[in-house]
Amino acid sequence: MSSQDRPADSKPAVQSTQEARMEGTDDRFNSKLREAFGSSPFILTKFDQFMNWVRGSSMFMLQFGIACCSIEMMATYAIKHDLDRFGAGIPRASPRQADVIIVPGTIVSKFAPRMKRVYDQMPEPKFVVSMGSCTISGGPFQQGYNVVKGAEEVIPCDIHVPGCPPRPEALIYGVAKLQERVANGESSPVTVKPYELEQFGDLEQDELVDHLAEDIDRETLVMRYNWADSP
Amino acid sequence: MSLEDPRDTEALEEELVGVTNEGVDYDALEDLLGEHVIGRESHLNAEAFVIRPDEVQEVLFTLRDQAGFDHLSNLSAQEYEDRYESVYHLKKYNDPTQEVTVVVPTTKRDPRSQSAEPVYRTADWHEREAYDLIGIEYDDHPDLRRILLPETWQGHPMGLDYDQDQPQVVSFENHANPLEEDHQDAESDTMFINIGPHHPATHGVLHLKTVLDGEQVADVDPDIGYLHRCEEQMAQSSKYRKEIMPYPDRWDYSSAGILNEWSYARAAEDLADLEVPEYAQVIRTMAAELSRMAGHMLAVGTFALDVYGDFTAIFQYAFRDREKILNLLEDLTGQRLMFNYLRLGGVAWDLPEPREEYFEKLRDFLDELPQTVEEYHSLLSSNEIFQIRCVDTGVLEPDVAKSYGATGPIARGSGIDYDLRRDDPYGYYPELDWDVITEDGSDNYARVLVRLQEVEQSARIIEQCVDLLAEWPEEDREIQSNVPRTLRPEEDAEIYRAVEAAKGELGIYMRSDGTDSPARFKIRSPCFSNLQTLPELSEGEYIPDMVASLGSLDIILGEVDR
């Protein structure tokens, strides 16, 4: 493949187009990519596929710590595990610059609406890696009066990484899986959150309730969590 | 500033009531309080005086000023079938083995009690928590509102008649919107700014309601509870013997799990009167110090990240060294972060085989450590930019720190010589040779220095433990004493026990009701009290200094909110 590998004396008389291109007037522009393109400077692909490949190859993660799992998440970003090796290691402080949110920890009632807001602030397309048992079901705190039983109650999740907390290797595997799926153009079904639909659905609809319901500002009713019926 | 009067402690030293060579003379204290005492109880850690709910301040002032109890360690509130109780655990910074407990019962119908806030500033948050979770109201409290749960929450979840299945409405409206109310009012030129709960510098999910005057902080109100995951409820619904132990790992999750486990182990062992074999104590001590080192590494690394955005050098260096410690702990416990290694009456298993190899690994790590710490000093503490950011910022005066119940590196950075490992000895610490580090700077810089030096002291302790363990006779390696399968401590036994965790005094209050799980389990979190000092550290300072102060407090939100 590479022209540099070949000894100078065994240079064939006929040059391929590819080799000719690599010996331009200014070889500063040579690159592995240019080499790989072969005889043509053009590539032919579907734009969608190209974009998916781009998205999967360079993911900006949201710097988003909640609980214990965020310590392991930091370890995943940091030395030794170094998530950046896989093209997914730039923690962004602002949700507006992030593609992926890793949800690392227990979500409680007070935090759930805030997390929803952070998620809403991320630009499309956005992906969610839910990290740890707490984001799957509430984990060891599932019985708690204040604990939301899984991230999926609040935002849709693409990948679940189980563990309490998952090892950095597990998180890397989860992120790599997500990259693979994104590159292949697969997406997760979006789950419908109970709090979005339910608006005092368990009350009997009489006049008084209707009247009171008119006063409710839908915008502010961000989260009404029904503890009894949740899984 | 502190609300308490400046006291001349040295002059008072002579005439403190109730101080004897054999510990606290509770009869003298009872005489001192006179007719305020309406009853007396015996808790396992100290005697308790029952007082009337409208005389709290008077009693606490007396105990503080005339008997020298200057540390309100904890407030445990609980509901009985017939009454509410606020239990104030008092200690002395000079000698934490001198303890006294003040029990304040209130009626069920009208749970009102006088606030202790004028006596100890730290009572502010503790009483808010008691109000939030139990439902006791405190008269004279400056700001009695919910602290952990959302303001719209209905009911008090740790009360007896709370129905956990009732739906709760949590909306955005109870949080100030930074975009709408930019100015506090039209006249002033202060600006309101929300920091958090999602913010890289808050070390988790902390929300700071900050009012700025120009670039200076005029007012800061920490809003916590974004990680209140019902740790106390979890413990109360689990059994003593094995079910509670995994939870402490998740309080202070900065890999300081062993220290947290030890706090529960110590309290439960004293409650159920269990022995711990000496060999297990040495292993505990070693594992705990490894945990402490990992916790301090994380603190230093993230502090550098806060102060000058140093993601590349210090942060990565700290994580490199932390990984080494985590590998050692993983070899020992089988887990990277949530160790679940201690058991009541000992530890889960012996050191990994082959032992020699493990000791070799530990010694290799300890041999490299002085050089590593030197590296930190040259990168961090002798860095001029770092010094400019940290010296004389976030100053916490010692008497203010005491009033807020600050402990751990925060207190020691303010020159308070308070370390439970030495002052209230447990484990194998009394047999070992090590020093308590204090710095007089009272600023952010002093706190970092304390942490870095404590890493060295921990290394000293581990080194001695390794030597002891290596020479321990094989037939004597008892890792657990004989503990009954089901523990049922005596009915109505109450205990408050604390250990020195990475962040300070981590205490557990437990009351047993004769069953195999505690009737009340209260966690005294060091971070909770330490975080309370943040307004003192940062008001009047520049906003970047507030971020530095917050970083130097080294809070872990899992432990603040529990």
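Keep in mind that the model is predicted. Chain A has nine helices and six strands, and 44% of its 231 residues count as buried. One packing sits within chain B, pairing α7(B) with α9(B), while the other joins α4 of chain A to α8 of chain B.

**Chain A overall**
- Among chain A contacts with a separation of 6 or more, 72% link residues 24 or more positions apart.

- Helix α7 (residues 278-308) and helix α9 (residues 355-381) of chain B have axes that come within 13 Å and cross at roughly 30 degrees.
- Angles under 35 degrees count as roughly parallel, so α7(B) is roughly parallel to α9(B).
- The crossing of α7(B) past α9(B) is left-handed.
- On the α7(B) side the contact includes B:M286, B:L290 and B:M293, and on the α9(B) side it includes B:L362, B:F365 and B:R355.
- By type, the residues of this α7(B)–α9(B) contact split into 15 nonpolar, no polar and one charged.

- The axes of α4 (residues 68-77) of chain A and α8 (residues 314-333) of chain B come within 10 Å, crossing at roughly 110 degrees.
- That angle makes α4(A) roughly perpendicular to α8(B).
- A:I71, A:M74 and A:A75 from α4(A) meet B:F315, B:F319, B:R322 and B:E323 from α8(B).
- Here the contact residues come to five nonpolar, no polar and two charged.

Technical notes. Residues numbered from 1 in each chain as written. Chains lettered and ligands numbered in written order. Predicted model: local features only at pLDDT ≥ 70, side-chain atom pairs only at ≥ 80, totals over all residues. Heavy atoms only, no water. Helix = DSSP H or I, 4+ residues; strand = E, 2+ residues; numbered from the N terminus. Buried < 20%, exposed > 50% of the residue type's maximum accessible area, 1.4 Å probe, protein only. Contact = heavy atoms within 4.5 Å. Axes fitted to C-alpha atoms, helices over the stretch in contact; angles between N-to-C directions. Parallel < 35°, antiparallel > 145°, perpendicular 65-115°, else oblique. Left-handed = near helix turned anticlockwise from the far one by under 90°. Nonpolar A, V, L, I, M, F, W, Y, C, P; charged D, E, K, R; others polar.
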